[in-house]
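Keep the sequence beside you as you read.

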Amino acid sequence: MQLEQEIARRVRAFQELLQENEIDGALLVQNADQIYFTGTCQQAHLYIPADGQPLYMVRRDVERAANDARGCTVVSLRSFREIKEIIIASGLPLPKRLGLEFDVLPLAYYRQYEKNLPSFIPVDCSPPIRKLRAVKSPLEIE
């Protein structure tokens, strides 16, 4: 229960930073960020909207992700082409300003996002993530 509350706090804090920076949502792929915001790491894309439930789009072991991930909806992802439909099916708006981890995002992933998502303005969301991760909670210190 403690981990679930911690992850919910982290997601809320990040969503506040997204809203402050007028970012509609962030698509995260870095393992450390996935662990920080879900409690697990998979071959996946984590979409955190500025408001609403995060989506954990998992490419391989969906069952394991469903058991391990906290605070998000876990769905199967077979192809980059499905990201748009998954976001729409979840009832979330497609992002106009999309947060991406500029410091670690592979160019091939970025090109796939350009190809498979409607036109968006890319925004670096790495600084807000680093800002959050720099301050350790009592659970992290423990």
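## A loop, then the helices

Leaving aside neighbours within four places in sequence, L92 is in contact with Y47, P49, D51, G52, Q53, L55 and I87. The model shown here is predicted. L92 sits in the loop between α4 and β5. Its relative accessible area is 13%, and L92 is therefore buried, since the cut-off is under 20%. The C-alpha atoms of L92 and L28 are separated by 16 Å. Along the chain, those two residues are 64 residues apart.

Is K96 buried or exposed? With 63% relative accessibility, K96 counts as exposed. K96 touches D24, F120 and I121, not counting residues up to four places away in sequence.

Now turn to α5, which covers residues 107-116. Which residues of this helix are buried? They are Y110, Y113 and N116. Seen down the axis of α5, the buried residues fall within an arc of 145 degrees, so they line one face of the helix. The face turned away from that buried side carries the exposed residues L107, A108 and K115. What do the buried residues of α5 pack against? The partners are the strands β1 (25-28), β2 (44-49), β5 (97-100) and β6 (121-124), together with the helix α4 (82-89).

Take N116 as one example from α5. N116 has a relative accessible area of 14% and is buried. Setting aside residues up to four places away in sequence, N116 touches F80, R81 and K84.

Next comes α2, residues 31-38. Its buried residues are D33, Q34, Y36, F37 and T38. They cover an arc of only 165 degrees around the axis, which puts them on the same side of α2. Just after this helix, G39 takes a positive phi of about 90 degrees.

Helix α2 packs with α6, residues 126-134. The two axes come within 12 Å and cross at roughly 60 degrees. α2 and α6 are therefore oblique to each other. Their crossing is left-handed. Which residues meet here? From α2 come A32, D33, Y36 and F37, and from α6 come I129, L132 and R133. By class, the residues of this contact are 5 nonpolar, no polar and 2 charged.

Helix α1 (2-20) is next. How does α1 pack with α2? Their axes are 7 Å apart, at an angle of about 115 degrees. That makes α1 roughly perpendicular to α2. On the α1 side, the contact uses I7, R9, R10, V11 and F14. On the α2 side, it uses I35, Y36, F37 and T38. The contact of α1 with α2 divides into 6 nonpolar, 1 polar and 2 charged residues.

Helix α1 packs with α6 too. Here the angle is about 140 degrees, and the axes are 10 Å apart. That makes α1 oblique to α6. The crossing of α1 and α6 is right-handed. R10, A13, F14 and L17 of α1 make the contact with P128, I129, K131 and L132 of α6. This contact has 6 nonpolar, no polar and 2 charged residues.

One stop remains, in the loop between α1 and β1. That is where E22 lies. E22 has a positive phi of about 55 degrees although it is not a glycine. Is E22 buried or exposed? Its relative accessible area is 58%, and E22 is exposed.

Notes. Residues are numbered from 1 along each chain as its sequence is written. This is a predicted model: local features need pLDDT of at least 70, side-chain atom pairs count only at pLDDT 80 or more; totals for chains, interfaces and linings use all residues. Side-chain values use heavy atoms; hydrogens and water are left out. Buried means under 20% relative accessible area, exposed over 50%, partly exposed in between (1.4 Å probe, protein chains only). Helices (H or I, at least four residues) and strands (E, at least two) are DSSP runs, numbered from the N terminus. The arc is that of the directions from the helix axis to the C-beta atoms. Contact means heavy atoms within 4.5 Å. Axes are lines fitted to C-alpha atoms, for helices over the stretch in contact, and angles run from 0 to 180 degrees between N-to-C directions. Angles under 35 degrees count as roughly parallel, over 145 as roughly antiparallel, 65 to 115 as roughly perpendicular and the rest as oblique. A crossing is left-handed if the near helix is turned anticlockwise from the far one by less than a right angle, and right-handed if clockwise. Ala, Val, Leu, Ile, Met, Phe, Trp, Tyr, Cys and Pro count as nonpolar, Asp, Glu, Lys and Arg as charged, and the others, Gly among them, as polar.
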